[in-house]
Structure formats: C-alpha cells, structure tokens
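Here are some comments for your review, arranged as numbered points on a helix pair and on a pocket.

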Amino acid sequence: MADITAPRTARVPRIVPWSNPLMRWLMRAGIPAGPNVLLTVRGRVSGLARTFPVALLQVDGRLFVQSPYGDVDWVRNLRAAREARLDRGRRQTTVDATELTAAEGGPILLAALAPFRRNRLMARFARVFVPLAADATLDEHIRHVGSHPMFELTPRTADPS
C-alpha cells in the first residue's frame, strides 16, 4: 500500500490566535495595517460569519488572498462559501472567490511579491509569511501555492436596476 501524505504546510504560530482578535479590533478602529484587510466569510459548519485579518495581494488590478499557513479554517470556509466580504477601513466590498490552481497562482505570487522584494525591510517581513528566497524560480512559487491555497476575489458589481 502506498503511503500518501498531504503536502507539508507551515504551522500556525502560537501568537496568531492571540493576535488575530487584536488585529481585528485595530483594523475595525480604522488603524491601517499595510496590505491587510478583514475577510468575513460564512462558516461552512455553523453558517455564522467569521472574520479574519488577511493580506490582500493586488496584481494588475486583480485581488487575491493566500493562506500563509496552508489549509486553515478560513480557507476551508471560503472554499465552501465561494463568497466573502472585504473590509478596508469603513469600506466594505462583497466579493466572489475562486480558488486558483498552483499553476495559476505561482505567477501571481511571484508578481505580487516583487514590490516587497525591492525593499530590504519589506523583503524580510514578506519572507516570514512566504518563505521563498528573493531569487526563487517560478517553479518554486508554483510549489508554494500548491500547499498554500490562493483565491482570486472578484468584487460584485451593483445591480443595474
């Protein structure tokens, strides 16, 4: 019998369950947090709204989120709900979510990280969440997305009626 194991993903640091409520509070109070936004998605089991701070990646006017810790609760909820709400300051946007394949997400991750890698301090910070070298190849980015799900978020347009 073959031994099949799931791809290795980063463990959620112990500080995250403690820091997420603080980040939610600060962000709801209007304090900017870099590329972070609040993502609210319906729980796949409870049906209740769950809110998580996530980094919003922007490439060519398109919006993306990626899990730095692999297949975690917000990923499974977003996968099931296929829709969410983004809160940036006082602005709320309803979005449709489409999970990308690793081959689709790899080039996007490479492009999204490029601006951060130009600044030495930001490059170190980004590497905490995406542990890839600045000169990592496209194949390495694709492998990373394979174990760290990425979604494209498409804002809903208002009804023309």
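1. In this predicted model, the axes of helix α3, which covers residues 102–117, and helix α5, which covers residues 138–147, approach to within 8 Å and cross at roughly 110°. Because angles from 65 to 115 degrees count as roughly perpendicular, α3 is described as roughly perpendicular to α5. The handedness of the crossing of α3 and α5 is right-handed.

2. On the α3 side, the contact is made by Ala-102, Ala-103, Gly-105, Gly-106, Pro-107, Leu-109, Leu-110, Leu-113 and Arg-117, while α5 contributes Leu-138, His-141, Ile-142, His-144, Val-145 and Gly-146. Sorted by class, the residues of this contact between α3 and α5 comprise 9 nonpolar, 5 polar and 1 charged.

3. A separate point concerns the second largest pocket, for which the computed volume is about 200 Å³. Its lining consists of 14 residues, and those closest to the centre of the pocket are Gly-34, Asn-36, Val-37, Arg-88 and Gly-89.

4. Which strands each supply at least two residues of the lining of the second largest pocket? They are β1 (36–42), β2 (49–59) and β4 (83–88).

Notes
Residues numbered from 1 in each chain as written. Predicted model: local features only at pLDDT ≥ 70, side-chain atom pairs only at ≥ 80, totals over all residues. Heavy atoms only, no water. 1 Å grid on protein atoms, 1.4 Å probe; cavity = no way out; pocket = protein on both sides within 12 Å on 5 of 7 lines; lining within 4 Å. Points joined across faces, edges and corners; volume = space filled by probe spheres on them. Helix = DSSP H or I, 4+ residues; strand = E, 2+ residues; numbered from the N terminus. Axes fitted to C-alpha atoms, helices over the stretch in contact; angles between N-to-C directions. Parallel < 35°, antiparallel > 145°, perpendicular 65-115°, else oblique. Left-handed = near helix turned anticlockwise from the far one by under 90°. Contact = heavy atoms within 4.5 Å. Nonpolar A, V, L, I, M, F, W, Y, C, P; charged D, E, K, R; others polar.
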